[in-house]
Amino acid sequence: MSIPDPIATLARAHEHAERVAVVADEGSFSYADLLTASARVASGLLGDARDLAGERVAFMVSPGFAYVATLWGIWRAGGIAVPLCVTHPAPELSYTLADADAAQVVAHAEYRALLSPLTQAQGRCLLDCSALLQGLAMSTRELPHVAADRGALLIYTSGTTGKPKGALSTHAILTAQIRSIVTAWEITAQDRILHVLPLHHLHGILNALCAPLYAGACCEILPRFDAHRVFTRIAASHELSLFMAVPTIYAKLSERWQAASAPEQAAFRAGCERMRLMVSGSAALPVSMLERWRELSGQRLLERYGMTEIGMGLGQLLHGERRPGTVGVPFPGVQARLLGDTGRELADGEAGALQIRGPNLFREYFRRPEATAEAFTADGWFRTGDVAVREGGHYRLLGRSSVDILKTGGFKVSALEIEECLREHPAIAEVSVVGVDDEHWGERVAAAVVLRAGRNLDLDTLRTWGKERLASYKLPSLLRVLPELPRNAMGKVLKPDLKQLWLANPRPAGGEKRPP
Ligand code: AMP
């Protein structure tokens with residue numbers, strides 16, 4: 001397939017120049033403003049170079065206009081954008097910068113104190129986002145031609161091998177992912193989305209930002225999810241048409257609804273009913289949540305299934321049937337299949353390994369050829385690691401094939417990575433981490449530990465220690481101290497047995513906390 005302009009999102013921006021692209025706490029900005037600001041960022045990043053030629057540029061910028069201008073600026077300079085999580089602690093950031101080998105790091109002033117020692121230690125150049133946007137560099141210089149097959153976006157995602165891996169997509173891949181979403185959900189320039197998702201994760205970047213911008217829509221971006229602010233905004237809005245979130249956000253909004261007065265509840269429902277689409281994804285949506293949301297908002301949530309490595313894979317239909325508990329059918333341009341243990345392709349009703357193929361698949365795990373090779377079959381199907389069943393053409397997810405991958409609040413986390421970190425704690429002799437099913441969080445991170453002789457440990461102490469080292473959503477919110485871990489004859493920890501500990505007795509004395 002030939003793509004007329006490599007940076008398709010930007011190409012369309014010229015058509016929509018006068019339309020409002022971003023509304024954020026910083027103000028309201030048109031597509032023309034975005035083009036001007038991103039050209040300045042690109043010029044600043046280029047310096048004397050003509051093309052960043054695939055150099056990685058990491059950026060730690062709060063959600064809003066500056067974020068989008070920086071992302072586009074990196075692309076226009078020929079760089080690969082590496083979005084950093086604005087709430088990650090120093091060790092996580094340090095790992096990402098080193099693994100991505102980012103020569104330049106763009107940051108808002110508020111993150112400078114955190115980033116500066118890291119960039120200095122690694123010999124990377126730290127640039128001030130506001131200075132770039134104000135165009136201290138020339139904005140009129142010629143920008144490079146960036147071919148569609150060049151790297152565009154590097155997003156870190158947890159796997160079964162411990163530390164997160166960078167999933168690299170090209171401009172052509174992003175364009176295919178974006179077009180598929182825009183087609184499936186009929187996004188147009190008339191849409192306005194309320195954006196509340198983190199912008200270091202594909203859901204927030206691709207679905208809720210790049211796809212609407214490609215269509216010329218308006219993105220109203222909040223700095224972070226805040227249940228009260230979202231509730232109030234939806235209740236007051238006559239312009240919003242789209243909302244996309246993870247199940248945990250719907251659960252929090254539903255709690256907020258519960259606490260509201262009857263007139264507030266009615267206003268919120270009216271606001272939801274004025275929208276044309278509300279989407280849930282990144283983690284399984286409990287059918288109870290789906291039903292509850294329908295009662296309180298009048299909206300039938302559309303559930304979709306995607307991954308950092310594939311963009312969107314499966315989704316319920318915009319028009320037509322949305323079977324509760326299923327994630328629908330393949331997205332436009334995407335193929336899906338289920339394989340049994342022997343590699344046989346399965347028919348309807350048989351559960352097996354879900355594989356995805358299409359122009360939407362990422363290119364590689366950055367600098368990890370072996371992991372990349374393992375991820376794909378010889379004929380180009382991506383092994384998702386998810387187990388599913390197809391019922392009359394509609395897919396239902398049954399879980400992960402690995403017990404070491406957890407989904408908490410929509411974030412994919414690796415039990416092995418958390419274990420590796422917790423093992424460093426002076427009181428911990430042995431540790432095993434599992435996901436425990438939870439109605440609001442999907443799964444909660446649960447740690448079972450064996451302590452060193454004479455030591456004590458409680459959950460608050462562990463979390464305070466862990467905050468310095470791990471992203472807050474990776475910190476255990478459940479803790480059990482055990483005399484020994486349940487192991488099989490080979491010495492391998494029996495994780496299903498561990499899960500049972502919590503399921504059988506969910507509220508022991510101490511050791512329980514709401515995740516952040
Ligand atoms: P991530 O790359 O962080 O978006 O995580 C991708 C994983 O999230 C998938 O492999 C699934 O395990 C899970 N996931 C995404 N969407 C859904 C969904 N609608 N239902 C259940 N699991 C989902």
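Of the 17 residues around the ligand, which come nearest?

**View 1. Residues around the ligand in a predicted model.** R304, T308, D386, R400 and K407 come nearest, of 17 residues around the ligand. A residue counts as near if one of its heavy atoms lies within 4 Å of the molecule. This is a predicted model, where local features need pLDDT of at least 70 and side-chain atom pairs count only at pLDDT 80 or more, while totals for chains, interfaces and linings use all residues. Residues are numbered from 1 along each chain as its sequence is written, and side-chain values use heavy atoms, with hydrogens and water left out.

**View 2. Backbone atoms facing ligand nitrogen.** A backbone N or O atom of R304 lies 2.8 Å from a nitrogen atom of the ligand. For S282, the distance from a backbone N or O atom to a ligand nitrogen is 3.3 Å. For A284, it is 3.4 Å.

**View 3. Domain 1 and domain 2 in contact.** The protein is divided into domain 1 (8-147), domain 2 (186-300) and domain 3 (405-504). These bounds come from an automatic or database domain assignment. The C-alpha centres of domain 1 and domain 2 lie 27 Å apart. In domain 1, 23 residues are in contact (heavy atoms within 4.5 Å) with 21 residues of domain 2.

**View 4. The salt bridge between domain 1 and domain 2.** The rule finds one salt bridge across this interface. A salt bridge here is a side-chain nitrogen of Lys or Arg within 4 Å of a carboxyl oxygen of Asp or Glu. The side chains of R229 and D25 meet in a salt bridge, at 2.8 Å from N to O.

How values were computed
A polar contact is a pair of N or O atoms within 3.5 Å; within protein, one must be able to donate a hydrogen and the other to accept it, and residues adjacent in sequence count only if both atoms are side-chain atoms.
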